[in-house]
Amino acid sequence: EMPAILVGYHIPNVASPDIYALDILQMVLADGESSRLHKKLVRELGIAAAADANAEWKIDPGLFLFDIKMKPSKDPAEGEKALYGEIESIAANGVTAGELAKAKNRLLSNFYGGMQTVNGKANRIGRYEILFGDFNEIYRVQERYQAVTLDDVKRVAGTYFKKTNRSVMTLIPEA
């Protein structure tokens, strides 16, 4: 019942070292009420009800998806423009050291939180064996996230979040 925008940027598979910086971008842009997209689209502009992102690790190249649910009376083009503005800002200026540190902490907290149960550990081992061909990659995750720099985040934003590398779908509810 609400207009929505889905924007997908093509990203590399899990073998690329860029996946760690892309995960950090996902956190900065769309993780919670302090994320850039929530602050801009929901609170500041008041045009969206929600702004989410997902960049799932895959064996094959995948998509970094943005899902913006607009408020009923708002034009999806406004949301799309605001999204691109935030992306372009990061590609040009990067993220702050505080945003980088917070994203790393959240990612590692989620990673370890997902292994609190036997089922969680078994799922993680199986997933890493399938994705990487070696479950021992689990032991390298923390160092790979910690190795991501401000320049890495800026670089991947500029590399993958280009107009020529995206697909856009706008959903308009019928009257």
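Predicted model: local features only at pLDDT ≥ 70, side-chain atom pairs only at ≥ 80, totals over all residues.

Reply: Happy to! A salt bridge here is a side-chain nitrogen of Lys or Arg within 4 Å of a carboxyl oxygen of Asp or Glu.

Four strands make an open sheet in the order 2-3-1-4, with antiparallel pairing. Its edges are strand 2 (48-54) and strand 4, each of which pairs on one side only. From one strand to the next, the twist averages 10°. Strand 2 and strand 3 are joined by six bridges in the antiparallel sense. To find one of these partners yourself, look at Ala51: its bridge partner in strand 3 is Ile68.

Helix 3 (residues 76-93) lies across strand 1 (4-11), strand 3 and strand 4. Its direction makes an angle of about 35° with strand 1.

A pair of aromatic rings is described by the distance of the centres and the angle of the planes. The structure has twelve such aromatic pairs. One of them joins Phe64 and Phe161 edge-to-face, with 4.9 Å between the centres and 75° between the planes. This pair links distant parts of the chain: Phe64 is in strand 3 (residues 62-70), while Phe161 is in the loop between helix 7 (150-160) and strand 4 (166-171), 97 residues apart.

For a contrast in geometry, turn to Tyr128 and Phe132. Their pair is tilted, with centres 5.3 Å apart and 35° between the planes. They are four residues apart in helix 5 (residues 118-132), so about one helical turn separates them. Tyr128 is buried at 2% relative accessible area, whereas Phe132 is partly exposed at 23%. Both rings belong to one aromatic cluster, together with Tyr20, Trp57, Phe111, Tyr112 and Tyr145.

The charged end of Arg166 sits over the ring of Tyr84, 3.7 Å from the ring centre.

Finally, back to salt bridges, where we began. There are eight by the rule above. Among them is the one between Arg106 and Asp31, whose closest N and O atoms are 2.8 Å apart. Arg106 lies in helix 4 (residues 97-113) and Asp31 in the loop between helix 1 (18-30) and helix 2 (36-44), so this pair ties together parts 75 residues apart in sequence. Arg106 is partly exposed at 35%, and so is Asp31 at 22%. Another salt bridge joins Glu137 and Arg144, with the closest N and O atoms 2.3 Å apart. Here Glu137 is buried at 13%, but Arg144 is partly exposed at 29%. Shared partners also join Asp18, Asp152 and Arg155 into one salt-bridge network.

Note on methods
Residues numbered from 1 in each chain as written. Heavy atoms only, no water. Phe/Tyr/Trp six-rings, centres within 6.5 Å; stacked < 30°, edge-to-face > 60°. Helix = DSSP H or I, 4+ residues; strand = E, 2+ residues; numbered from the N terminus. Buried < 20%, exposed > 50% of the residue type's maximum accessible area, 1.4 Å probe, protein only. Lys NZ or Arg CZ within 6 Å of the ring centre and 35° of its normal. Pairing = 2+ DSSP bridges. Axes fitted to C-alpha atoms, helices over the stretch in contact; angles between N-to-C directions. Contact = heavy atoms within 4.5 Å.
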